[in-house]
Amino acid sequence: MNYLAHLYFAEDTPESCVGNLMADFVRGPVDRQPYNGAVMRGMRSHVAVDRYTDGHDVVRESKALISPSRRRFAGIIVDICYDHYLARHWTDFSDEPLPAFIKRTYGFLSAYRGDMPPVLSRVIRHMVRYDWLHGYREITGIGRALDGLSMRLRRPNTLAGSVEELEANYDEMEGQFLRFFPDLVRHMETGSGQSREGTRPGPAGTIHEEKQPKPTGATHEEARLKPAGTTHEEAAER
């Protein structure tokens with residue numbers, strides 16, 4: 001999943017918000033990273049979300065919609081497109097208005113003072129400065145995200161202009177997202193995924209209750225399918 005979805009599953013702390021983004025930017029197994037408990041829980045949440053997403057049949061259906069010339073990057077394209085649908089259908093999954101959630105999240109990310117990979121620090125600065133999360137509501141914002149990622153990748157890629165995949169398959173992919181995301185929410189809420197400490201507004205007025213973190217022991221490579229030859233930073237910085 002992409003940034004908005006990962007932040008949706010974060011606890012209400014700067015450390016958790018950063019942790020839910022950081023798993024794409026560290027090398028080696030998540031459970032061996034030298035960060036505090038809230039950051040580690042956030043990273044485990046990220047891994048659990050991506051592992052469940054990559055194995056879901058509906059997500060595979062969405063990837064199959066992507067043109068053969070871009071199929072190698074289908075996972076990245078679908079991740080970013082799903083953030084668009086999450087932003088558009090936000091009220092189906094949270095009682096907190098999206099603008100309030102984004103303002104609070106930007107505040108948390110800006111307030112974090114712990115160590116983080118330099119690439120992640122740069123991504124967070126750009127995310128807040130250019131308001132990426134609000135931009136995901138619009139197709140033009142998704143186009144900017146995909147084109148920007150195309151320019152940042154170090155290897156040749158076909159992501160430039162790939163917003164046309166969203167435009168060509170909009171209704172079908174929207175239906176797939178609406179079938180998939182409730183499954184992901186249930187997976188994370190029931191403890192099958194990574195648990196969260198504390199509470200926050202949830203789908204349809206539910207509350208996420210405190211549970212004990214569940215170590216996964218998975219590496220980021222196991223949790224996320226990336227185009228061959230890209231680094232963690234290349235796959236995540238979008």
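These are my notebook entries on a predicted model.

**Confidence**

I began with pLDDT. The chain has a mean of 83. I noted that 80% of its residues reach 70 or more. Over residues 194-238, pLDDT stays under 50. For that stretch the model has 141 contacts beyond four places in sequence.

**The nonpolar core**

Next I looked up the core. I had a general point in mind: nonpolar side chains tend to be buried together in soluble globular proteins. Here the largest nonpolar core has 71 residues. Which residues have the most contacts inside it? I found Tyr3, Leu4, Tyr82, Met127, Leu133 and Phe181. Helix H5 gives the most to this core, with 10 residues.

Setting aside residues up to four places away in sequence, I listed what Tyr82 touches. The list runs Met1, Val58, Val59, Ser62, Met173, Gln176, Phe177 and Phe180.

**Helix H4**

Three of those names sent me to helix H4, residues 57-64. Its buried residues are Val58, Val59, Ser62 and Lys63.

**Aromatic pairs**

I then searched for ring pairs. The structure holds 14 aromatic pairs. I took Tyr3 and Trp132 to begin with. Their ring centres are 6.1 Å apart and their planes stand at 20°. Planes under 30 degrees apart count as stacked, so this pair is stacked. Tyr3 is in helix H1 (residues 3-8) and Trp132 in helix H8 (residues 132-135). The two are 129 residues apart, so I logged a link between distant parts of the chain. Tyr3 has 3% relative accessibility and counts as buried. Trp132 has a relative accessible area of 19%. The cut-off for buried is under 20%, so Trp132 is buried too.

Phe93 lies in the loop between helix H5 (74-88) and H6, while Phe181 lies in helix H11 (residues 170-189). This pair also links distant parts of the chain, 88 residues apart. Both Phe93 and Phe181 are buried.

Phe93 and Phe181 are members of one aromatic cluster. The cluster also includes Tyr8, Phe9, Tyr52, Tyr82, Tyr85 and Trp90. Phe101, Tyr170, Phe177 and Phe180 complete it.

**Salt bridges**

A search of the whole structure gave me 10 salt bridges. I looked at Arg70 with two partners. Its side chain meets that of Glu164 at 2.9 Å, N to O. Glu164 is in helix H10 (residues 163-168), and Arg70 is in the loop between H4 and H5. They are 94 residues apart, so I noted another link between distant parts of the chain. Arg70 counts as buried, at 9% relative accessibility. Glu164 is partly exposed, with a relative accessible area of 42%.

Arg70 also forms a salt bridge with Glu165, the closest N and O atoms being 2.8 Å apart. Glu165 is in helix H10 as well, so the pair ties together parts 95 residues apart in sequence. Glu165 is buried, with a relative accessible area of 3%.

I turned to Arg104. It forms a salt bridge with Glu96, with 2.6 Å between the closest N and O atoms. Arg104 is partly exposed at 23% relative accessibility. Glu96 is buried at 14%.

**Thr105**

Where does Thr105 lie? Its place is helix H6, residues 98-111. Is Thr105 buried or exposed? Its relative accessible area is 1%, so Thr105 is buried. Leaving aside neighbours within four places in sequence, I found Thr105 in contact with Leu7 and Cys17.

How values were computed:
Residues are numbered from 1 along each chain as its sequence is written. Side-chain values use heavy atoms; hydrogens and water are left out. Helices (H or I, at least four residues) and strands (E, at least two) are DSSP runs, numbered from the N terminus. Buried means under 20% relative accessible area, exposed over 50%, partly exposed in between (1.4 Å probe, protein chains only). Contact means heavy atoms within 4.5 Å. Rings of Phe, Tyr and Trp (its six-membered ring) pair if their centres lie within 6.5 Å; planes under 30 degrees apart count as stacked, over 60 as edge-to-face and the rest as tilted. pLDDT is the predictor's confidence in each residue, from 0 to 100. A salt bridge is a side-chain nitrogen of Lys or Arg within 4 Å of a carboxyl oxygen of Asp or Glu. A nonpolar core is a set of buried Ala, Val, Leu, Ile, Met, Phe, Trp, Tyr and Cys residues joined through side-chain atoms within 4.5 Å.
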